[in-house]
Amino acid sequence: MARWLLALLAPLAWAGAVPEEPRCTVEGADAALSAELFLRRFAFSRPVILRGVTDNSAFRALCTRDKLLAAYGQRLVRLSTANTYSYRKVDVPFQEYVEQLLKPQDPTALGSDTLYFFGDNNFTEWGPLFQQYVPPPFRIPGTSGAYSFGIAGSGSGVPFHWHGPGYSEVIFGRKRWFLYPPDKTPHFHPNETTLAWLQHTYPTLPPAERPLECTLRPGEILYFPDRWWHATLNLDTSVFISTFLG
Ligand SMILES: O=C(O)CCC(=O)C(=O)O
């Protein structure tokens with residue numbers, strides 16, 4: 001689907017917005033990137049944003065608010081607190097999440113008091129939806145992909161953390177990413193939301209201490225290598241899916 005049409009349709013499907021920062025310091029690649037070059041240049045060493053490598057318009061059409069509510073409204077979804085270690089989990093019907101909890105982030109709330117729907121998905125109930133997702137094309141030898149699907153309000157996000165390599169794709173909305181290599185631990189508090197970190201810590205960082213960053217739009221896929229620190233900020237109410245390689 002053309003990007004201008006997506007931009008028009010996205011606010012109709014899921015609402016809300018935080019101002020966008022146009023700076024993008026993550027390398028980009030297009031459909032000309034080969035699997036061999038992906039492995040040599042990015043897989044083990046640096047993030048990359050892949051553009052135009054898959055077409056998820058069919059999956060996107062199933063992820064509108066109305067379609068998801070009709071299909072899964074009565075199903076339970078598991079929410080996690082939006083702090084670095086996401087200790088607390090809460091199960092709610094998907095409809096209750098969408099109608100009552102899916103709100104813009106309160107900038108004064110702690111991560112431990114902010115519920116985020118991402119991961120812990122029920123692959124039996126949501127399997128028919130996930131089967132329509134076209135995953136990113138490149139694999140690291142010896143790994144397979146596991147999905148984490150999410151929907152979250154504008155200004156929400158996950159504070160800095162790290163784990164194995166993976167991809168993240170935005171289906172609706174825009175998501176700003178912040179990344180540091182494994183040997184550069186960011187300045188952050190694990191119970192501070194990304195929005196609070198952006199307001200209080202980010203402006204104080206000298207240029208050499210700034211993260212790599214970029215805002216992802218539908219159709220763009222971020223790859224992050226093993227152990228890279230990352231934090232996210234949804235600029236709009238967003239629908240998104242990560243593919244973890246393990
Ligand atoms: O999409 C998000 O907000 C969180 C993604 C993330 O942290 C991950 O894929 O590891």
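These legends walk through several close-up views of a predicted model. Residue numbers start from 1 along each chain, following the sequence as written. Because the model is predicted, local features need pLDDT of at least 70 and side-chain atom pairs count only at pLDDT 80 or more, while totals for chains, interfaces and linings use all residues.

**View 1. The nine-stranded sheet.**
Here's an open sheet of nine strands with mixed pairing, in the order S1-S2-S10-S7-S12-S6-S5-S3-S4. Strands (E, at least two residues) and helices (H or I, at least four) are DSSP runs, numbered from the N terminus. Two strands count as paired if DSSP finds at least two bridges between them. At the edges sit strand S1 (28-29) and strand S4 (89-93), each pairing on one side only. Helix H5 (residues 94-101) packs on this sheet and touches strand S3 (76-81), S4 and strand S5 (115-118). The direction of H5 makes about 100° with that of S4; axes are lines fitted to C-alpha atoms, for helices over the stretch in contact, and angles run from 0 to 180 degrees between N-to-C directions. Contact between two residues means that their C-beta atoms, placed from the backbone, lie within 7 Å.

**View 2. Strand S12 and its partners.**
Zoom in on strand S12 (residues 238-245), where seven of the eight residues are buried. A residue is buried if 20 or more other C-beta atoms lie within 10 Å of its own, exposed if 12 or fewer, and partly exposed in between, with C-beta atoms placed from the backbone. Strand S6 (residues 145-152) pairs with S12 in the antiparallel sense over eight bridges, and Ser-148 has Ser-242 as its bridge partner in S12. Strand S7 (residues 166-172) also runs antiparallel to S12, joined by six bridges. Look for Glu-169 opposite Ile-241 in S12. Over at S5, two bridges pair that strand with S6 in the antiparallel sense, and Phe-117 stands opposite Ile-151 in S6.

**View 3. Around the ligand.**
The residues surrounding the ligand include Phe-118, Val-158, His-230, Thr-232 and Phe-240; a residue is near a molecule if its C-beta atom, placed from the backbone, lies within 6 Å of it. S7, S11 and S12 each supply at least two residues of this shell. By type, the shell has three nonpolar residues, seven polar and no charged. Ala, Val, Leu, Ile, Met, Phe, Trp, Tyr, Cys and Pro count as nonpolar, Asp, Glu, Lys and Arg as charged, and the others, Gly among them, as polar.

**View 4. The three-stranded sheet.**
This open sheet has the order S9-S8-S11, with antiparallel pairing. Strand S9 (212-216) and strand S11 (229-234) are at the edges with a single partner strand each, so one side of each has no neighbour in the sheet. Neighbouring strands here are turned by 15° against each other on average, direction ignored. Six bridges link strand S8 (residues 175-180) to S11, and Arg-176 stands opposite Leu-233 in S11.

**View 5. The two sides of helix H2.**
In helix H2 (residues 35-43), Phe-38, Phe-42 and Ala-43 are buried. Seen down the axis of H2, these buried residues fall within an arc of 75°, so they line one face of the helix; the arc is that of the directions from the helix axis to the C-beta atoms. They pack against strand S2 (48-51) and strand S10 (220-224). On the other side of H2, Glu-36 and Arg-40 are exposed.
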